[in-house]
Amino acid sequence: MQNSYVNYSKLGQLKIQQMAFMLVAVFILFSMVGLVYVSITSSQIDSETKALRNQEAVESVKKLSGTAEFAFKSGGDCSSCIDLDKTLMLKERSQYKNFWNFDYLMIEKVYPNETERECTKTNYPECNKITIIDSNDKKIVTKTTFVTLARWDPNLGASGDFRYELGRIHISAKNIENG
Amino acid sequence: MNWGGFIFLLKILKMVDKNPKHSKLRGIFKPQTETGRNNLRSIELSSSNKRGQEEMVGLVVIVIIVAVIFLVFLGINISKNNVVKTQKSSETSHFLDAMESFTSECTLNGYTYLSLSDLFEHCNKGSLCVGGKKSCEVLEGSLKALIEKSWNFSPESATKGYRFEAFFESESGKRNKLDLKELENGNCTTQLRGDDRVKPVGKGDKIVYSLVLC
């Protein structure tokens, strides 16, 4: 009688052990599945965050074209255009070197673009770049966006007209890089 | 009760013969004697090994079912992600804004040059520029040059190709493609990003154009 009681107890223990192992196995399985899911989701969130930061930085670059120093107000309905003639004059003024707290600020003409060189009063408009600020730091990372460049073209139309071209604005600053 | 336990119960029921004298488990439910009780214990102990195996099989079945459910879930998720979607891109959005005002080489009166935005409307009308060139041809040439000067398209670069499309959409919703050819480069199938613009023309009609990069 005593012997059989011990056997029954062992069987019960075995069953409890078996159940415990099964529960542990199922728990580990679900934990692993959960871990895989969480890691995939978090990597997607990471890339989305980067894209949003980049977009925010580009939007802040775009905003610059609407400021009084660059905005084209002479004619037409292009409030977000950059006045290229005004920008060339701005380049000559040393007061603007530290005005925006940028490390780099450059306006580039993308199309039409026949000659690749820095704009000066003598070669304008046969040039494609107006560099307003250049800290000569080669490690800078720039944010770029497309803008419309407007300038007076005396050869356009009967007695001259404003010509609109495609350009890019390049900016580098610590607050922009950090998004 | 798990799967193994269920199989074990079925086997026990099979072992009970209809004739109580021939049944292997006769008196199992109400063992009256000490011998009967001992017999029952011996049957239980001899079958405990089998029961353990069956419960293991049950566990494996559960794990397999969970794995299959997980795989189905994963498959559905992956197939959802594989649907080619064009993501809105601020880069193409700014490009479309900037190119709208671009001064084209087309003039209808000899002194006012049309912007690309106006040229879409004249292309839809089939207007001819001074000099006899079709407005659609000028539009196509300008767009191609603008896009291809703005990005460096090659299999190695971040931007592998593009597709530009323009439609005239009437008030009733009928769509006609504008006569613009060759505004495509590379094979754009994945990682599409782009944007579109709508230009109202006339009463309820509009021109919709879009640029997609890949």
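Predicted model: local features only at pLDDT ≥ 70, side-chain atom pairs only at ≥ 80, totals over all residues.

P112(A) is placed in the loop that runs between β2 and β3 of chain A.

**Loops of chain A**

- P125(A) also belongs to the loop between β2 and β3 of chain A.
- The bond from Y124(A) to P125(A) is cis, and its omega is near 5°.
- N101(A) sits in the loop between α2 (84–92) and β2 of chain A.
- Although N101(A) is not a glycine, its phi is positive, at about 65°.
- N101(A) counts as exposed because its relative accessibility is 67%, and the cut-off for exposed is over 50%.

**The sheet of chain A**

- In chain A, 5 strands make an open sheet with mixed pairing, in the order β1-β4-β5-β2-β3.
- Its edge strands are β1 (82–83) and β3 (129–134) of chain A, each of which pairs on one side only.
- β1(A) and strand β4 (residues 143–153) of chain A run parallel and are joined by 2 bridges.
- D83(A) has A150(A) in β4(A) as its bridge partner.

**Helices of chain B on that sheet**

- Helix α3 (residues 90–100) of chain B packs on the sheet and touches β4 and β5 (161–172) of chain A.
- The direction of α3(B) makes about 5° with that of β4(A).
- Helix α5 (residues 135–150) of chain B lies across β2 (104–111), β4 and β5 of chain A.
- Relative to β2(A), α5(B) runs at about 145°.

**Packing of α4(B) with α5(B)**

- Helix α4 (residues 116–125) of chain B packs with α5(B) at an angle of about 140°, and their axes are 8 Å apart.
- Because of that angle, α4(B) is oblique to α5(B).
- The crossing of α4(B) past α5(B) is left-handed.
- On the α4(B) side, the contact is made by L116(B), L119(B), F120(B), H122(B) and C123(B).
- On the α5(B) side, the residues in contact are S135(B), C136(B), V138(B), L139(B), S142(B), L143(B) and L146(B).
- Sorted by class, this contact has 9 nonpolar residues, 3 polar residues and no charged residues.
- The buried residues of α4(B) are L116(B), S117(B), L119(B), F120(B), H122(B) and C123(B).
- G126(B) follows α4(B) and has a positive phi, near 80°.

**Strands of chain B**

- S115(B) is placed in strand β3 (residues 113–115) of chain B.
- With a relative accessibility of 17%, S115(B) counts as buried, because the cut-off is under 20%.
- Apart from neighbours within four places in sequence, S115(B) is in contact with E100(B), S101(B) and F102(B).
- Strand β1 (residues 86–88) of chain B pairs with strand β7 (residues 192–200) of chain B in the parallel sense, over 3 bridges.
- T86(B) has L192(B) in β7(B) as its bridge partner.
- β7(B) pairs in the antiparallel sense with strand β8 (residues 206–213) of chain B, over 8 bridges.
- The partner of G194(B) in β8(B) is V212(B).
- β7(B) and β8(B) form a hairpin with 5 residues between the strands, where G202(B) takes a positive phi near 70°.

Key: Residues numbered from 1 in each chain as written. Chains lettered and ligands numbered in written order. Heavy atoms only, no water. Helix = DSSP H or I, 4+ residues; strand = E, 2+ residues; numbered from the N terminus. Buried < 20%, exposed > 50% of the residue type's maximum accessible area, 1.4 Å probe, protein only. Contact = heavy atoms within 4.5 Å. Pairing = 2+ DSSP bridges. Axes fitted to C-alpha atoms, helices over the stretch in contact; angles between N-to-C directions. Parallel < 35°, antiparallel > 145°, perpendicular 65-115°, else oblique. Left-handed = near helix turned anticlockwise from the far one by under 90°. Nonpolar A, V, L, I, M, F, W, Y, C, P; charged D, E, K, R; others polar.
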